[in-house]
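Here is a friendly walk through one protein model, meant for someone meeting it for the first time. Have a look at the sequence and the structure before reading on.

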Amino acid sequence: MLDRWPRWARFGAFFGLGVVAALGQAPLDLWPATLIALAVLFVVHRQVISPSAAAWQVWFFGLGYFAFALRWIVEPFLVDATRHGWMAPFAIVLMAAGAALFWAVAAWFAQRLAPRSQIALGLFLVAVEMTRSLVLTGFPWALLGHIWVPTWMAQASGIGGSHLLSLITVLAAIGLSRLWLRDWSRGGVVLAVLVLLAFTLRPGPAPQLPDDAPVVRLVQPNAAQHLKWDPVYRELFVNRLVELSGQGDRPDLIVWPETAVPYLLNFIIDDLSQLDAAARGAPLIFGVQRRDERGLFYNSMVLMEQGGVITATYDKQHLVPFGEYVPFGDLLARIGIRGMAVQEGGGFAAGTAPGPVDIPGIGLAVPLICYEGIFAEEIFTGPERPRMLLLITNDGWFGQAAGPHQHLAQARLRAIEQGLPMVRVANTGISAMIDAQGRITASLALGVDAALDAPLPAVGPAPPYTLVGDWPVGGVLLAGLLVAVIRRRREYD
């Protein structure tokens, strides 16, 4: 198909095809574009003659995909452009090239072990997506399966998580490729089965909530990240939080976003009267930084009850590399490289106490802070089924474009996987109430300062994913790869 093109043109075409594939990610959500682009890749793969050629063309495809899907990655470096702006081009290039390298490895192994096999390439792609989600602390962002979030197919994540969705993505693309190659029977069967699955998974109408359902106030201060810690502005943002929290009827719970209070908890813990007055006796969840007796700093979520008494503290456990801590930080700090999100000290320490927080009048809530919401396999619900997932975040780092939308999309999957409603409160948006089937029942848009009272949706049945996690999908991938390799080897013997 592309044999007569110059090499630079072929690789440019694969890069452009990867960009088209990324259109399926939020906020565009053009999932058919992803399937079509992948289908073209699978068709071309049947003409590849060597593992190295397969790896190069899939690497350029992945480079285009991740460069566009992760375009928001430059935004954190522009918050303090004079200090970090020079890193932005390197960040997007290295992130896209590194993620694409996983796909190139998948293509090399697929061609080496099962030459020109579409199913081998598809299964290897899903396998390396699982690997990308785990290695070097993991980065399961812009997974192929995330394109299904706004569709009925998203409910499959309750069975096998995001990686099952990625498997469905490659199977759908292979089905399309078979139709392109006029293999009507196999292509048609695959697509028909997937369409039937989508209809089977179609969620029913949202259940009617009882009149006494807890009301949660989501408070979004919209504190611009470059001003958030400025001594001139931070009191203004605290006053905004207090004002928004104290208006109208008292809710059952008030939630502020990550690092909502721009002071160390150590400095204000003896006098939380202003926050207590705003809460008017309702439990208040807020994000704040704190320092322990050893001098370690934490990104924390605290629960304050009536009287300004803090009754629970959760410290973020999965930190952002180079954002909240720097690997080999003691060494790199000597040349001025430190985490961008750190206001005190050289970096945050990871918390060690997982598990739900018991909120008066609500029940058990699984605490998640920002980045932790993208790691499905790390959500710890404890022995007793919780009442909700509670995610506080500061998406002000991500700008106003793709980042906040993609982060929200992953939050919807976490709700489906756990069968639990999620309260998601973001500094600059998008704050949302999400039900146990991933539907947004109420939300605050990007870039507005406001408070929203929303009833807490009901808890759903525990989905299979809460019991089995990613293991079944891993087993299916291994078995499928073995069959594909053995079958292809027999064809070539």
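## Before we start

This is a predicted model, so local features need pLDDT of at least 70 and side-chain atom pairs count only at pLDDT 80 or more, while totals for chains, interfaces and linings use all residues. Residues are numbered from 1 along each chain as its sequence is written, and side-chain values use heavy atoms, with hydrogens and water left out.

Let's begin with helix 9, which runs over residues 184–201. Helices (H or I, at least four residues) and strands (E, at least two) are DSSP runs, numbered from the N terminus. The expected span of a helix is 1.5 Å times one less than its number of residues.

Which residues of helix 9 are buried? They are Gly-187, Leu-191, Leu-194, Ala-198 and Leu-201, where buried means under 20% relative accessible area, exposed over 50%, and partly exposed in between (1.4 Å probe, protein chains only). Helix 8 (157–180) is part of what covers them. On the other side of helix 9 there are exposed residues, including Trp-184, Val-189 and Phe-199.

## Two nonpolar cores

A nonpolar core is a set of buried Ala, Val, Leu, Ile, Met, Phe, Trp, Tyr and Cys residues joined through side-chain atoms within 4.5 Å. The largest one has 86 residues, and Phe-61 and Trp-103 touch the most other members. Helix 6 (residues 88–113) gives the largest share of this core, 12 residues.

Contact means heavy atoms within 4.5 Å. Leaving aside neighbours within four places in sequence, Phe-61 is in contact with several residues, among them Phe-14, Leu-41 and Trp-103. A second, separate core has 27 residues, including Ile-369 and Ala-454.

## Aromatic rings

Rings of Phe, Tyr and Trp (its six-membered ring) pair if their centres lie within 6.5 Å; planes under 30 degrees apart count as stacked, over 60 as edge-to-face and the rest as tilted. By this rule there are 21 aromatic pairs. Take Trp-86 and Phe-90: their ring centres are 6.3 Å apart and their planes at 70 degrees, so the pair is edge-to-face. Trp-86 is exposed at 53% relative accessible area, and Phe-90 is exposed at 52%.

Trp-141 and Phe-398 also form an edge-to-face pair, with centres 5.8 Å apart and planes at 90 degrees. Trp-141 lies in the loop between helix 7 (118–132) and helix 8, and Phe-398 in the loop between strand 9 (388–393) and helix 14 (402–418), so the pair ties together parts that are 257 residues apart in sequence. Trp-141 is buried at 2%, and Phe-398 is buried at 11%.

Helix 10 (residues 234–246) has buried residues including Phe-237, Leu-241 and Leu-244. Among the elements that the buried residues of helix 10 pack against are strand 1 (215–220) and helix 12 (273–279).

Finally, Leu-303 lies in strand 5 (residues 297–305) and is buried, with a relative accessible area of 1%. Leu-303 and Val-255 are 48 residues apart in sequence and 9.3 Å apart in space, C-alpha to C-alpha.
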